[in-house]
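Hi everyone, thanks for making time.

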Amino acid sequence: MQAFSLHEGYYSVGTDKKFIPFDPKTDDKKDRKGSLFIHVQPFLVQHHNDLIVIDTGLGQHRNGELLIHSNIQKEGFDPSDVNLVLMSHLHQDHSSGMVFEKDGKLEVTFPNAEYIIQRQEWEEAYSGNSSSYRTEIFDVLQRSGQIQFVEGSGQLNDYIRYELSGGHTKAHQVFHIEGDDQAIFYGGDEWPEPEQALRQFMAKYDYDGRKAMELREQYVNEASKNNWKCLFYHANNASIATVAKQDESFKIIPA
């Protein structure tokens with residue numbers, strides 16, 4: 001089993017929820033007061049005969065090509081071979097890459113894949129309660145017939161387990177992928193950066209800040225105990241890493 005980071009870039013996010021590219025070499029954070037600054041990186045996992053994408057990014061293009069497609073090709077794989085797409089939640093920075101524009105028409109990014117989505121998250125996206133969702137993208141995916149809705153926690157197949165976590169969004173889910181000799185954990189936006197293992201905090205951007213904080217503590221301890229390889233969607237440096245207990249704290253070990 002192999003995991004690859006599909007880095008899409010570094011962005012500032014203001015109160016308008018727009019993701020603006022940010023280059024530390026030429027841009028100044030002082031010019032974007034009140035903004036969050038985050039990296040965006042979906043993941044690719046090769047598991048025996050399956051090729052899995054975990055969350056799909058912002059759907060950015062570069063040189064006329066969909067960036068997630070070109071990033072997959074750089075790792076030596078064909079995007080058409082992706083047969084599973086695991087979605088932690090449907091906020092635009094995680095789901096906009098589910099579809100892309102081709103010849104003026106929106107098409108499904110991975111035409112041979114099943115998209116695994118929590119049904120409650122899908123319904124919440126259409127409720128209109130948050131501007132973080134882009135329902136025009138979901139309409140295209142719904143017409144494709146490629147969605148597999150799941151509810152609660154369960155086993156997707158003999159090696160993928162999903163857990164309804166509900167910290168970052170009401171129906172956020174995390175994933176466990178078992179390999180022959182290792183385990184991968186993806187915590188989505190409840191553990192998006194490895195350094196969050198080193199401190200306790202409640203974030204205003206979470207649906208349930210206290211629950212997300214408690215889940216992070218649980219994930220960190222389990223990751224350390226079980227030697228999970230963890231994937232971090234918004235990481236600055238170590239997007240793929242393990243966690244080791246060190247005295248009364250933890251140590252991040254980049255993969």
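What you see is a predicted model, where local features need pLDDT of at least 70 and side-chain atom pairs count only at pLDDT 80 or more, while totals for chains, interfaces and linings use all residues. Residues are numbered from 1 along each chain as its sequence is written, and side-chain values use heavy atoms, with hydrogens and water left out.

Okay, let's start with Asn221, which sits in helix H5. Asn221 and Ala244 are 23 residues apart along the chain, and their C-alpha atoms are separated by 8.9 Å.

How do we find a pocket? On a 1 Å grid over the protein atoms alone, it's an open set of points where a 1.4 Å probe fits, with protein on both sides within 12 Å along at least five of seven lines, and lining residues have an atom within 4 Å of a point. A volume is the space filled by probe spheres set on the points, which are joined across faces, edges and corners.

That second largest pocket has a volume of about 190 Å³. It is lined by 13 residues, and the closest to its centre are Ala197, Arg199, Gln200, Glu217 and Phe250.

Now the largest pocket, at about 870 Å³. Here 33 residues form the lining, with Leu36, His91, His168, Asp189 and Tyr205 the closest to the centre. Strand S2 (9-13), strand S4 (36-40) and helix H2 (92-95) each bring at least two residues to that lining, and the largest share, 4 residues, comes from S4.

well, let's just look. Arg199 lies over the face of Phe201, 4.4 Å from the ring centre. The charged end of Arg216 also sits over the ring of Phe201, 4.1 Å from its centre. The rule is NZ of Lys or CZ of Arg within 6 Å of the ring centre and within 35 degrees of the ring normal.

And ring on ring? There are 13 aromatic pairs. Rings of Phe, Tyr and Trp (its six-membered ring) pair if their centres lie within 6.5 Å; planes under 30 degrees apart are stacked, over 60 edge-to-face, and the rest tilted. Take Tyr126 and Phe138: their ring centres are 6.1 Å apart and their planes are at 65 degrees, so they go edge-to-face. Tyr126 is in the loop between helix H3 (119-125) and helix H4 (135-144), while Phe138 is in H4, 12 residues away. Phe138 is buried, at 0% relative accessibility, and Tyr126 is partly exposed at 34%. Elsewhere, ring pairs link Phe185, Trp191, Tyr219, Trp228 and Phe232 into a cluster.

That's my tour, thanks!

Key: Buried means under 20% relative accessible area, exposed over 50%, partly exposed in between (1.4 Å probe, protein chains only).
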